[in-house]
Structures are given as structure tokens and as C-alpha cells.
Amino acid sequence: AVVSTQSTGGIVRFNKEKTLTWLTGKVERVVRAMKGSGVEPGFNSHLTDKEYERYAAGIVSDYVSPILSADLHDRLGIEVASIEDEQPQAKRQKLNEEPMKEKVITANKEPKIKAPKMTKSQRELASVNTKGMKSMASFFKKK
């Protein structure tokens, strides 16, 4: 159980240590399952136990809150790699790297809204002379 209960009043409280112990057990089960079924994360076929543990912790972390995930990584002694570290390096580096100029949108200018294209039948209907015709609302008024 990941909660602590008190006998008086039946109060139930979240216990972080019990939760982390339970999650550590889940990580160990995922590692055993990966090793047993021959699943090898990544391209390297010779992984250490720590690499299996890091991958399994990532799988378990997908299902818990970010705070618990960080605590689980701390408990296991695994560094949380940032997304920037995991992205591959660019194959070519540009010689003249200049910062991109951002477009500045002023408050005075509103984006132009294009009128939707009308079909032939819509154009014909719009060109009909409605002078002298009753409006639709007149049919719903009290007599």
C-alpha cells in the first residue's frame, strides 16, 4: 500500500516513502521483464544493468507525476537527461549563423481576413432582388 492509515478515525494519508519503494519494485520488474524477453532498448546490444534500470525508470515515469518521477530517479541514482542532450547533433554546421529576425506584430495592424470563396449558386442567390419580399422573421410573429 502506498498510504498510511490511522486506526482512529480511519484517516488515510499519502506516504511518499512507501510509494517510492513500490515504484522501485516496479522498475525492477520491468528490468527483469526486458532482460527475460530479450528486449534491448536503443541500438547498443551490450547494455549494463544501470542502462536497463534507466530505461525502465523512464517507462514507469511515463505513468506517474513529474514530481514522483524526479524523486524516483533520485532514489535510483539516475540522472535525468534533458531533451537537449538526447537530440542528435546537426550533420552540418552553418558557417554564417545569424539570429533569425522575428516578425513584430503591432497592435494597430490586424491580420487581413480573406472572404470565403462563394460557389456559383451562392453568387446567384446573393444577386437576387429582394425588394418587396417579406423577411423570414415576419412568418414567426404573432398575427
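View A. The side chain of Lys 50 meets that of Glu 53 in a salt bridge, with 3.2 Å from N to O; a salt bridge here is a side-chain nitrogen of Lys or Arg within 4 Å of a carboxyl oxygen of Asp or Glu. Because Glu 53 and Lys 50 are 3 residues apart in helix 2, they are separated by about one helical turn. This is a predicted model, in which local features need pLDDT of at least 70 and side-chain atom pairs count only at pLDDT 80 or more, while totals for chains, interfaces and linings use all residues. Residues are numbered from 1 along each chain as its sequence is written, and side-chain values use heavy atoms, with hydrogens and water left out.

**View B. The whole chain, for orientation.** The protein has 5 helices and 2 strands, where helices (H or I, at least four residues) and strands (E, at least two) are DSSP runs numbered from the N terminus. Along the sequence these elements follow the pattern β-β-α-α-α-α-α. Of the 143 residues in the protein, 15% are buried. The protein exposes about 13800 Å², and carbon and sulfur atoms supply 55% of that area; accessible areas come from the Shrake-Rupley method with a 1.4 Å probe, and for residues only the protein chains shown count as cover. Among contacts between residues at least 6 apart in sequence, 46% join residues at least 24 apart, a contact being heavy atoms within 4.5 Å.

**View C. Salt bridges that join helix 1 to other helices.** The salt-bridge rule gives a count of 4 for this model. In one of them, the side chains of Asp 71 and Lys 16 meet at 2.7 Å, N to O. Since Asp 71 lies in helix 3 (residues 66–76) and Lys 16 in helix 1, the pair ties together parts that are 55 residues apart in sequence. Asp 71 is buried, with a relative accessible area of 19%, whereas Lys 16 is partly exposed at 37%. A further salt bridge brings together the side chains of Asp 49 and Lys 35 at 2.4 Å, N to O. Asp 49 lies in helix 2 (residues 49–61) and Lys 35 in helix 1, so this pair ties together parts that are 14 residues apart in sequence. Here Asp 49 is exposed, with a relative accessible area of 54%, and Lys 35 counts as partly exposed at 40%. Side chains of opposite charge can pair when their charged atoms come close.

**View D. The largest nonpolar core.** This core has 14 residues, and those with the most contacts inside it are Val 27, Tyr 52, Ala 56, Ala 57, Val 60, Leu 72 and Leu 76. A nonpolar core is a set of buried Ala, Val, Leu, Ile, Met, Phe, Trp, Tyr and Cys residues joined through side-chain atoms within 4.5 Å. Helix 1, helix 2 and helix 3 are the elements that give two or more residues to this core, and the largest share, 5 residues, comes from helix 1. Leaving out residues up to four places away in sequence, Ala 56 touches Val 27, Val 30, Val 31 and Met 34.

**View E. His 73 in helix 3.** His 73 is placed in helix 3 and is buried, with a relative accessible area of 8%. Its side chain reaches the backbone oxygen of Ser 69 at 2.7 Å.

View F. Asn 15 lies in the loop between strand 2 (12–14) and helix 1 (16–37), and a polar atom of its side chain is 3.4 Å from the backbone nitrogen of Lys 18. Apart from residues up to four places away in sequence, Asn 15 touches Val 2, Val 3 and Ser 4. Thr 19 lies in helix 1 and, at 5% relative accessibility, counts as buried.

Methods
Polar contact = N/O pair within 3.5 Å; in protein donor to acceptor, adjacent residues only side chain to side chain. Buried < 20%, exposed > 50% of the residue type's maximum accessible area, 1.4 Å probe, protein only.
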